[in-house]
2 protein chains.
Amino acid sequence: MTDSELWYTEYYTEHVRFSYRVSKLLLRKQTKFQLLEILETPEFGRLMLLDGKVMLTQRDEHVYHEMLIHPAMLAHPLPKRILVVGGGDGGSIREIVKYPFVECALLVDIDGEVIEASKEFFPELTSGFADPRVELKVGDAAEFVKDTDERFDICFIDCTDPVGPGPVGPAQALITDEFLDNVKAILADDGIMVVQSESPVYEIDYLKTYTSRLKERYPHVATYVIMVPSYAGLWSLTWASKTIDPSIEITRKPPKGLKYFTPELFGAALQMGKLDLWGARPHQL
Amino acid sequence: MTDSELWYTEYYTEHVRFSYRVSKLLLRKQTKFQLLEILETPEFGRLMLLDGKVMLTQRDEHVYHEMLIHPAMLAHPLPKRILVVGGGDGGSIREIVKYPFVECALLVDIDGEVIEASKEFFPELTSGFADPRVELKVGDAAEFVKDTDERFDICFIDCTDPVGPGPVGPAQALITDEFLDNVKAILADDGIMVVQSESPVYEIDYLKTYTSRLKERYPHVATYVIMVPSYAGLWSLTWASKTIDPSIEITRKPPKGLKYFTPELFGAALQMGKLDLWGARPHQL
């Protein structure tokens, strides 16, 4: 059988784009909130896309999920109550439930159809949903953080892209001042927030503005860079905490079986987040 | 003026490809050895391509050239005689001549038309060619390393891709056993060889085989990973030496004005090179 000439193209900016050869279109569905697509590809396995942006691929989702979750889980003195905003694919929860001391992991995702599609097409990501400590709430996380009386040790913002070419979707509500204030309010005093903060290459202006807004709210803010081939090669995550510096020595042992995360690699990721490496576009060169 | 819908597409494998919007095609020429193209793009500035592969862009060439050159130049006790194989664009030489103790920097590139095109379209890369310590030799580096009686403190292999989709061109002669043996023979006892060793994502099999062949020849071999947006986000460089471990503490001061290299970031790059992070293709998942 020859390869199909069906290609899927993601625009990183209006001027550059990445394309995957597609062996099978598994799902294409307009949910109440976004366009949900699932593809089979020869290079990256299955992909999930929302509004034309790659959310995950089977080949490299472990990099993103391990690096989003484990640094904070290992640095916090004893994280028992965890909130995940977004993350309906399940990858973040899968990593969180690897810690026996977690008492409650609450996921709030606005789009229940993403959760259902992930269960069907990415069972290896949704395995954590069966854990009795996990609670799934389909709803608006911006409303949730405004209204809840609960407090959390760590809050992970595992959202879609709030900027970029094309439609930006529900994540817009997760970058307002009000949302940032409300997240801070529901975090314990030694709490940590970790958020996916976009491409350090193509959205550097967004990243700078966003981290400066976090710095107005938290004394410890640091961006770290991870290597995710399907996220244009490089992606940024940002850490914010009232009391915990991300560069403290990690003494807790990571769970067994991780494929990417090591404390050394997290240290390297922090180094890479310190530099503004590709800020200049040609007109600035 | 609206953006042109002229796009240039580079295949990373037969299954994934990256495209740049092109504002101007500046040069397209079949040399004796390869297809040489130079484009103007809104996202990356000017690009040079050989046989359809991006060699450099104005926006991120500094990452590659600084990380190829400076770690070895700073770790070696006193590198006076430097050989660059390939590198006709001039970026490597530009970095090497920043060191006052360099006595001779010899560049051997097979394709004189690359050197001439770089002088015309990338004058910021070729500034080092005017340095009196620099010698440019247009010729076959595989022959040169076989025949020369000269000895070098550092040899940089700054070549085109010897593997990948499409034509592989003259770099094939630079990965033979004979070439590796000859490079080792012309290196001083405390010499270092640093080579661009392809994508750690898409050419991991090549990278593993190549480094294992280096390990048969050198006791100190280490791959480090650099972040180059126009090289699929991530690229590998590999260090080989008879006596010098790349993780030694760097005490020499780097030249002023570097935009990417720091000793800390080199340490991070070494960490990232230790891991086989994205080896599995879907059929292996």
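Okay, let's start with one pair: Leu83(A) has Leu106(A) as its bridge partner, over in strand 8 of chain A. Strands here are DSSP runs of E, at least two residues, and helices are runs of H or I, at least four residues, both numbered from the N terminus. Quick housekeeping: this is a predicted model, where local features need pLDDT of at least 70, side-chain atom pairs count only at pLDDT 80 or more, and totals for chains, interfaces and linings use all residues. Residues are numbered from 1 along each chain as its sequence is written, while chains are lettered from A and ligands numbered from 1 in the order in which they are written.

So, that pair. Strand 7 (81-86) and strand 8 (104-109) of chain A run parallel, joined by 5 bridges; pairing takes at least two bridges found by DSSP. They belong to an open sheet of 7 strands in chain A, order 9-8-7-10-11-13-12, with mixed pairing. At the edges you've got strand 9 (134-138) and strand 12 (220-228) of chain A, each pairing on one side only.

Now the other sheet. In chain A, 4 strands make an open, antiparallel sheet, ordered 3-4-5-6. Strand 3 (24-30) and strand 6 (53-57) of chain A each have a single partner strand, so one side of each lacks a neighbour in the sheet. Strand 5 (45-50) and strand 6 of chain A run antiparallel, with 4 bridges between them. What is the bridge partner of Leu49(A) in strand 6 of chain A? That's Val54(A).
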